[in-house]
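I opened this entry to look at how two chains meet. My notes follow the display.

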There are 2 protein chains.
Amino acid sequence: MDHLLNQIEFIREIDKLKYIFRKTKLINSDRPENDAEHSWHLAMMAFVLAGHANEPIDLEKVMKMVLIHDIVEIDSGDVFAYDTTKSHDNFDEELKAARRIFGILPEEQAEEFINLWIEFEEMKTPESKFARSLDRLEPLLQNASNNGGTWREFDVKYDKVIEKKKAIKDGSEELWKFAENLIDESVEKGILSSPLTP
Amino acid sequence: MDHLLNQIEFIREIDKLKYIFRKTKLINSDRPENDAEHSWHLAMMAFVLAGHANEPIDLEKVMKMVLIHDIVEIDSGDVFAYDTTKSHDNFDEELKAARRIFGILPEEQAEEFINLWIEFEEMKTPESKFARSLDRLEPLLQNASNNGGTWREFDVKYDKVIEKKKAIKDGSEELWKFAENLIDESVEKGILSSPLTP
């Protein structure tokens, strides 16, 4: 019963993820997406797109990974992918958050969750590479549907987008081919500044 | 590539789940929860609480089930658990929605998703019983933290709550014991009207 009470406390704590807003907006919308919605969408993408992973993956593990990957932001906040004023190397701060929040769980489970989060961050296993592909693909779908979305809002150019998105390739060549097409189409439509744009 | 384009269309379509609002509010909040956030929270609960299921369960299947269980509401809308003016037997309407929305996917996958949704609705397998327990438990945690929440807002009494929540027992005796305690505590605190309340 002690274990259950700790688990329930954790389940209550993570409700806070619904208040952490990202910069990216919902599809065809100007309403920012929150981290809980984002995590649900990635888990659905894992379920639907699993067949496109470069290597054989344990789908249950990918789903768990994307469900928990942003929980640390309850303490450390969301860092916008193209924010040049902030350090993206806030691993220590996020690890501290992981230890506090996952640490609410019973000991064995806490360890499992922290390790799963570290595995996602390190991007070395087939599962974490594929999870990262999905995490990079979702905002691309959103920006392409929102007339450029955060690309135009924050003046992000083609090169920066390619640099950020190429991690998709490590998890899925097929999704990367799709993503490259979508980026090229966005340049053609004039919603993303091309390298040739003055 | 055709398959992938259908899958991406589905992933775009289900973004609409983020606009379907439930009656229940977030924990310690008066902001209604949307179906995407709710589905994320249930998938997390499945991950954390799997050890409390009455029977051995396939966790991946439970997670998939709760991730997709409300997608039909994009077409059919949310029906409040204690709404006495609306029929809760809108299975035909929801099946039509399941066929349209999951039908966007490639054929084999569409069939898998529709069958998974039907399995959840029928509540006959260990996975669907446990998924239902989680679906009943989450709003209980919310109402208990919100000074009675929708119980007080819609004048829902103890008997109705027990009637609705007892499905938790079919999936998990342990979670049911916890839920019963929480309901009793809510009566003691005066945030839920007891059978003896005039």
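I looked up the contacts first: 52 residues of chain A touch 52 residues of chain B, with contact meaning heavy atoms within 4.5 Å. The model is predicted, so I kept to pLDDT of at least 70 for local features and 80 or more for side-chain atom pairs, while totals for chains, interfaces and linings use all residues. Residues are numbered from 1 along each chain as its sequence is written, chains are lettered from A in the order in which they are written, and side-chain values use heavy atoms, without hydrogens and water.

Next, area. Chains A and B bury about 4500 Å² between them, 75% of it on carbon and sulfur atoms. Buried area is the accessible area (1.4 Å probe) lost by both parts on being put together, summed over both.

Then I checked charges. I found four salt bridges across the interface (a side-chain nitrogen of Lys or Arg within 4 Å of a carboxyl oxygen of Asp or Glu). One salt bridge joins A:Lys18 and B:Glu138, with the closest N and O atoms 3.7 Å apart.

Which helix of chain A gives the most to the side that touches chain B? Helix 2 does, with 11 residues; helices here are DSSP runs of H or I, at least four residues, numbered from the N terminus. By class, I noted 32 nonpolar, nine polar and 11 charged residues on that side of chain A. Nonpolar means Ala, Val, Leu, Ile, Met, Phe, Trp, Tyr, Cys and Pro; charged means Asp, Glu, Lys and Arg; the others, Gly among them, are polar.

Last, symmetry. A 180° rotation with 0.0 Å of shift along its axis superposes chain A on chain B, RMSD 0.0 Å. The two copies are therefore related as by a two-fold rotation axis. I superposed by least squares on C-alpha atoms of residues with pLDDT of at least 70 in both copies. The same surface serves both: 100% of the contact residues of chain A recur in chain B.

Methods
Buried area is the accessible area (1.4 Å probe) that two parts lose on being put together, summed over both. Helices (H or I, at least four residues) and strands (E, at least two) are DSSP runs, numbered from the N terminus.
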